[in-house]
Amino acid sequence: MSESATQELAVVIDDDYTMRLSCGKILTKMGLRAETFEDGARGLEGVATLKPSLVIVDLKMPGISGMEVISRVHEIDPQITIVVITGYATIDTAVEAVRTGAYDFLPKPFLPEELRLIVNRGLERHHLAVEAKQHEIDQSMLKRRFATFISHQLRTPLVAIHQYLDVLRHLEQENDVPRAKRHEWLDRCLTRIDELQSLIGDWLTLAQVEGGMLSKERVKVDLNSVISGILKTYEGTALEKKVTLQAHLPDNSLYVWGDRNCLSVVFDNLITNAIKYNKPDGTVTVSGSQSRGEVVIAVADSGVGIPEKCRPFLFEEFFRVRDDASKKTPGTGLGLHISKKIVSEMGGTIEVESEVGFGSTFSVRLPAWCEPAEANGEQSNARREANIDRR
Ligand code: ADP
């Protein structure tokens with residue numbers, strides 16, 4: 001690629017030859033490619049074909065006025081940054097130019113460093129605008145992909161339920177079909193309905209987390225009690241799967257600064273996964289500790305483990321390991337994605353260590369809550385809250 005193709009482009013539109021020449025020189029010295037035009041009509045043609053990052057335009061020109069150039073440049077591409085230069089600067093014209101779409105205003109005559117400063121600021125604004133636009137495009141593509149995927153995920157169990165009910169209707173018409181056979185088809189329907197319910201549930205939780213609806217509250221939460229409650233809820237499920245649940249939690253509370261419901265979602269998900277992807281006679285051990293302003297909770301299982309090549313994708317939405325354990329176990333592939341989002345919103349991290357055939361350990365680190373008096377020399381809860389909000 002030639003150098004000019006990689007250089008960032010700035011267009012100068014001014015009827016004053018000396019001004020075009022000196023602006024061009026300053027811009028070239030800054031490492032930019034500069035194209036100059038002597039009036040608005042030619043300048044707009046140039047902008048339409050060259051699509052520059054920045055346009056420097058004089059307000060007073062014969063023919064198309066500078067103000068009109070500003071609005072027409074933005075019709076071509078709203079992300080182009082426009083800087084106005086004029087020898088007839090008044091507050092009113094400056095305000096009008098900015099209202100019309102100019103980013104900055106430089107009265108003539110000006111020093112080279114003044115132009116350099118404004119051009120650099122303008123280019124920075126242009127890069128941010130391009131980045132924001134790209135982000136918007138990525139988000140909308142993601143949403144479209146997400147909608148397609150979700151409709152597929154919803155339709156698959158519905159089609160299956162429809163087929164099972166057809167079979168059941170057929171069986172109903174035959175007199176000698178044993179009751180157990182009918183129950184088998186009913187059970188299949190119920191399993192598929194459970195799958196639908198968890199998908200809809202996870203999907204709603206994700207929508208709430210992404211909409212910032214779940215994790216706004218920041219209060220003192222005792223993780224010790226959250227985790228003990230979850231372990232109690234799953235005693236029956238673990239027993240059915242012949243999995244032993246163990247808790248190695250300290251006698252004192254493990255306070256963090258967060259939202260109780262969200263934290264329950266995280267540990268509920270990690271603990272159910274540790275049971276779901278376990279082996280008969282396996283164990284799930286949840287341990288907790290606090291040190292250096294941080295609470296660490298580790299959920300360890302002796303289950304099937306996660307292959308190394310899958311670990312980088314584990315927290316992506318809808319990711320599921322393609323192994324026998326996942327095929328046999330219903331799941332949506334959303335739980336870890338949701339958990340990671342919640343934990344990072346609360347200023348924490350979530351990591352996994354795993355060995356195929358031997359089990360996995362998910363470690364969650366969260367900023368500990370500390371008494372305001374203890375915050376002496378350390379980061380206070382209020383400051384920590386402000387930092388988290390800025391993320
Ligand atoms: P789900 O369990 O609903 O499929 P998750 O997002 O919670 O979704 O997990 C994503 C995938 O990661 C699971 O499908 C499974 O393949 C794998 N996984 C999660 N936790 C474990 C675990 N403790 N042991 C083995 N594999 C796991």
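Biologist: Thanks! Where is the place of D14?

Modeller: D14 sits in the loop between β1 (9-13) and α2 (17-29). Helices here are DSSP runs of H or I with at least four residues, strands are runs of E with at least two, and both are numbered from the N terminus. Before we go on, this is a predicted model, so local features need pLDDT of at least 70 and side-chain atom pairs count only at pLDDT 80 or more, while totals for chains, interfaces and linings use all residues. Residues are numbered from 1 along each chain as its sequence is written, and side-chain values use heavy atoms, with hydrogens and water left out.

Biologist: Good to know. Is D14 buried or exposed?

Modeller: D14 counts as buried, because its relative accessibility is 0%. Buried means under 20% relative accessible area, exposed means over 50%, and partly exposed is in between, using a 1.4 Å probe and protein chains only.

Biologist: And which side chain does D14 have a polar contact with?

Modeller: That of K108, at 3.0 Å. A polar contact is a pair of N or O atoms within 3.5 Å; within protein, one must be able to donate a hydrogen and the other to accept it, and residues adjacent in sequence count only if both atoms are side-chain atoms.

Biologist: Is the peptide bond from K108 to P109 cis or trans?

Modeller: The bond is cis, with omega near -5 degrees. P109 belongs to the loop between β5 (104-107) and α6. In general, most peptide bonds are trans, and most residues other than glycine have a negative phi.

Biologist: Then which residue other than glycine has a positive phi?

Modeller: K51 is one, with phi near 45 degrees. K51 is in the loop between α3 (40-50) and β3 (54-58), and its relative accessible area of 47% makes K51 partly exposed. K242 is not a glycine either, and has a positive phi of about 55 degrees. You'll find K242 in the loop between α9 and β7 (244-248); K242 is exposed, at 55% relative accessible area.

Biologist: Which element gives the most to the lining of the largest pocket?

Modeller: That's α10, with eight residues. By class, the lining of the largest pocket has 16 nonpolar, 15 polar and ten charged residues. Here Ala, Val, Leu, Ile, Met, Phe, Trp, Tyr, Cys and Pro count as nonpolar, Asp, Glu, Lys and Arg as charged, and the others, Gly among them, as polar.

Biologist: Tell me about α10, then. What caps its N-terminal end?

Modeller: D259 does, with a side-chain oxygen 3.0 Å from the backbone nitrogen of N261. The buried residues of α10 include C262, L263, V266 and F267. The end C-alpha atoms of α10 are 24 Å apart, which agrees with the 24 Å that its 17 residues should span at 1.5 Å a residue; that expected span is 1.5 Å times one less than the number of residues.

Biologist: What about the second largest pocket?

Modeller: About 640 Å³ of space lies there. Its lining has 24 residues, with Q153, R320, S326, G331 and T332 nearest the centre. The largest share of that lining comes from α7, with six residues.

Key:
1 Å grid on protein atoms, 1.4 Å probe; cavity = no way out; pocket = protein on both sides within 12 Å on 5 of 7 lines; lining within 4 Å. Points joined across faces, edges and corners; volume = space filled by probe spheres on them.
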